[in-house]
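Let's take a walk through a protein model together. Please keep the sequence and the 3D view side by side as you read.

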Amino acid sequence: MSLRITVDIFSGRPNPVVTVEGRQARDLLERMKPGRQLTRGEMAAPEFRLGYRGLIIEQTRVVNRALPRFFRVAAGVIYGPRLAHFTADPDVEEFFAG
């Protein structure tokens, strides 16, 4: 299993990209799995502004079928095709950065 994680932070410059494999990738996906679905009032899309806009996740090998191949995690919420849920671990972005 392999994840390509783009830290969506820059405007006009390439964003940093990290590849995570094996057990670390599985651990991250476990923390990112969908938790409670967002309600209509909670369903704000990530803002497009300067600065940090979340993590863009691409499953590159052995796709975990519980999640889409491409999705975004921002502020403890996972966004993807037919997906707008809180993450199982609300601090997954902080965990990744640590």
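A few ground rules come before the tour. This is a predicted model, in which local features need pLDDT of at least 70, side-chain atom pairs count only at pLDDT 80 or more, and totals for chains, interfaces and linings use all residues. Residues are numbered from 1 along each chain as its sequence is written, and side-chain values use heavy atoms, with hydrogens and water left out.

Let's begin with the sheet. Helices (H or I, at least four residues) and strands (E, at least two) are DSSP runs, numbered from the N terminus. In which order do the 7 strands of the open sheet stand? The order is S2-S1-S4-S5-S6-S7-S3, with antiparallel pairing. From one strand to the next, the twist averages 35°. Two strands pair if DSSP finds at least two bridges between them. Strands of a sheet pair through backbone hydrogen bonds, either parallel or antiparallel.

Now look at S5. On one side, S5 pairs with S4 in the antiparallel sense over 4 bridges, and Ile56 stands opposite Arg72 in S5. S5 and S6 also run antiparallel, joined by 3 bridges, with Val73 partnered by Ile78 in S6. These two strands, S5 and S6, form a hairpin with 2 residues between them, and Ala75 in the turn has a positive phi of about 55°. Buried means under 20% relative accessible area, exposed over 50%, and partly exposed in between (1.4 Å probe, protein chains only). In S5, 4 of the 5 residues are buried, so this strand is largely enclosed by the rest of the structure.

Next comes the helix H1. Which residues of H1 are buried? They are Ala25, Leu28, Leu29 and Met32. Seen down the axis of H1, these buried residues fall within an arc of 100° (taken from the directions from the helix axis to the C-beta atoms), so they line one face of the helix. An α-helix has 3.6 residues a turn, so residues three or four places apart point the same way.

A nonpolar core is a set of buried Ala, Val, Leu, Ile, Met, Phe, Trp, Tyr and Cys residues joined through side-chain atoms within 4.5 Å. The largest one has 16 residues, and Leu3, Ile5, Leu28, Met32, Ile57, Phe71 and Val73 touch the most other members. Strand S1 (2-7), helix H1 (22-32), strand S4 (55-61) and strand S5 (70-74) each supply at least two residues, and H1 gives the most, with 4. Leaving aside neighbours within four places in sequence, Met32 is in contact (heavy atoms within 4.5 Å) with residues including Ile57, Phe71 and Val73.

Finally, visit two loop residues. Pro14 sits between S1 and strand S2 (17-21) and counts as exposed, at 72% relative accessibility. Asp89 lies in the loop between strand S7 (83-87) and helix H2 (92-97), yet Asp89 counts as buried, at 14%.

Conventions. Axes fitted to C-alpha atoms, helices over the stretch in contact; angles between N-to-C directions.
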